[in-house]
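Hello,

Please find the structure we talked about below. My notes on its pockets, ligand and domains follow.

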Amino acid sequence: MTPSKFFVIDFDSTFTKVEAFDVLADISLEGLPDKEERKKQIHQITLQGMDGSISFRQSLEQRLHLLQAERKHLPPLVSRLKASVSESFKRNREFFTTYKDHVYIISNGFREFIEPVVSEFGIKPENILANEFRFDASGKVIGFDESNPLSVNNGKVEQLKKLNLPGDVYVIGDGYTDYEIKQSGLANRFYAFTENVEREVVVNNADHVTPSLDEFLYLNKLNTVISYPKNRINVLLLENVHPVAIKHLRDEGFKVDSYHAALTEDELCERIRDVSVLGIRSKTQVTARVLQNANRLMTIGAFCIGTNQIDLKEATRRGIAVFNAPFSNTRSVVELALAQMIMLMRNITEKSNKMHAGVWDKSAKNSFEVRGKKLGLIGYGNIGTQLSVLAESLGMRVLYYDCEEKLSLGNAIKCRTMAEVLDQADVVSLHVDGRESNTHLIGQREFDRMKDGVIFINLSRGHVVNIDALRQAILSGKVGGCAVDVFPYEPVSNDEEFHSPLRGLPNTILTPHIGGSTAEAQENIGHFVPGKFMDYINTGSTSNAVNFPNITLPTLENAHRLIHIHENVPGILARINQVLANHGINIVGQYLKTNEQIGYVITDINKEYEKDVVKALRAIEHTIKFRVLY
Ligand code: NAI
């Protein structure tokens, strides 16, 4: 408890994300033909009141006149304001209850809607300083308490003077009138609150800019519920990741910078220094040299499937968790595979090309339905299984081979060898992963095994197929049609020409690695990867991490969580527990998992402990990274 400190907090756009009068206008003017016009006028008058061209009292009178508010509008207003409390205020309820005698709400708004919102946070009615409505007998708002200092210019200053608080006064707000309290000498510090709006003049006059309440509490060592303010965590998103990702991370309170392109190694080495969370797609190369410069980096998210653009070994050695989006674009690939099968079975590319050349070649020759045909899947993972289900619903018979034991979905038939699939399938579709040993998994021998006129599809990885063998198989008629989306060498940018022995071949659909490239997939990835970042930062969970032992952790309740990443050498867990025992600490829960390179130990402990235990844990030999969460 800090008895000599008082916290004076603004309401509109600070305690809540919105301006209450804007919301009230939406409710009270509902159905009026001139609603929008009136709202515009109200906004205009607010600005005039702020810039001094009319007095505050005049602005209040004029706005109330336009609003036509009534008592019955208050309950819906209050419920909307309750739903609009600023995120960082919601997170830090404990602060308000702990300091309830020292928190004041000061506002030029009205008690009738402020009190029901802030009292839920334990703020006392006598600590709410605001205007009050006057109603007539029918419940119409006809004015306000004119004796209230807050109904005239400089009201907040006058009100604070009257209060005469016996200690240090800290003002938090987003408006100039909040700064005026400090300017008049009545407050020790003014914090410009920018979580909802940022006004240049206010920010320029502030002692400190606080993008959330977390930052204010952290600066003043008042934080009780979070270990580190998110606004101090820098996130860098490159290569134009979907805007929804930026929104998720900003809503969570992180400081997010985004850039539309990839950075070169040199640029990234410079930029990465103060970055804690890095988001990339496939073009940014995160090399060992980049990681050497990444002193604060906790996690990297690949907003795509592949992670070979990241030096995973080095990232692991440095205790940096890497995530990707392994199934966000599964459906997109599956849809394309289905479409291609149908197009190829009907020889559509040939027919379309002829039409463009002016040739009308109407015939049913070499055109088939996919219904009843055998689809042979090589690789029965995320994509293979989903394709299996949808292909069956089109009436296809599905055979599959996977090198691992995989549960067969629907009526799909599991084959024990790849050859078994190749022997029978009318359509062969590859969905294996890109491991090195899959290089040339399909070559001349495999094509020879396939049925004559087989339809062949590769949407997996380019090196999996011997392209020269595929060319021969197409030219010989063994392969009746094929679709290829991935190539052993792919141009690095759209400016580079695409060279391939497959160019110009008949009934051959070539696409530039766009199997997973749809708006929906990008959006899914934009939801998925930030979710992984947040789980990792907020709870330590590493589920689906590419390079870390995967642990899914329960949310932390009433405990502190010690997260220890270390080189995988024997005896570290014992040493951690020895340190905890030496400090008489009670372990509430403990989780350990290792991989070849590192060990990941999570220990939940009671909230009360001597802080030097943290130092001792950090000092354990072979520690890579250590952090405390609460
Ligand atoms: P996944 O990892 O879920 O499935 C791959 C499956 O292949 C696993 O079940 C694995 O056991 C199996 N497998 C690996 N090698 C095999 C072999 N030699 N023989 C038989 N089975 C083998 O991967 P997911 O998500 O289904 O993706 C499949 C492929 O599609 C990957 O190569 C991925 O990179 C690629 N992909 C391509 C996209 C595009 O834009 N064209 C987009 C998304 C994925």
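**Second largest pocket**

The lining of the second largest pocket has 18 nonpolar, 9 polar and 13 charged residues (Ala, Val, Leu, Ile, Met, Phe, Trp, Tyr, Cys and Pro count as nonpolar, Asp, Glu, Lys and Arg as charged, and the others, Gly among them, as polar). The model is predicted: local features need pLDDT of at least 70, side-chain atom pairs count only at pLDDT 80 or more, and totals for chains, interfaces and linings use all residues. Residues are numbered from 1 along each chain as its sequence is written, and side-chain values use heavy atoms, with hydrogens and water left out.

The volume of this second largest pocket is about 1,300 Å³. A pocket is found on a 1 Å grid over the protein atoms alone, as an open set of points with protein on both sides within 12 Å along at least five of seven lines; lining residues have an atom within 4 Å of a point. Volume here is the space filled by probe spheres set on the points, which are joined across faces, edges and corners. Among the 40 lining residues, Ser227, Tyr228, Val628, Leu629 and Tyr630 are the closest to the centre of the pocket.

At least two lining residues each come from helix H23 (519-539), strand S21 (560-567), helix H25 (612-618) and strand S24 (623-629). S24 gives the largest share, 5 residues. Helices (H or I, at least four residues) and strands (E, at least two) are DSSP runs, numbered from the N terminus.

**Cavity**

The whole structure has 1 cavity of 30 Å³ or more, where a cavity is a set of grid points at which a 1.4 Å probe fits but cannot get out. Its lining consists of Leu562, His564, Ile576, Val601, Thr603, Leu617 and Phe626. S21 and strand S23 (598-605) are the elements that give two or more residues to this lining. By class, 5 of the lining residues are nonpolar, 2 are polar and none is charged.

**Ligand**

Of the 29 residues around the ligand (a heavy atom within 4 Å), Ile383, Asp402, Val432, Asn438 and Asp485 come nearest. Two polar contacts (pairs of N or O atoms within 3.5 Å) can be looked up first. A ligand oxygen is 2.6 Å from a polar backbone atom of Val432, and a ligand nitrogen is 2.7 Å from an N or O atom in the side chain of Asn438.

**Domains**

The automatic or database assignment gives domain 1 (5-219), domain 2 (233-328 + 517-552), domain 3 (330-515) and domain 4 (554-630).

Regards

Notes. A polar contact is a pair of N or O atoms within 3.5 Å; within protein, one must be able to donate a hydrogen and the other to accept it, and residues adjacent in sequence count only if both atoms are side-chain atoms.
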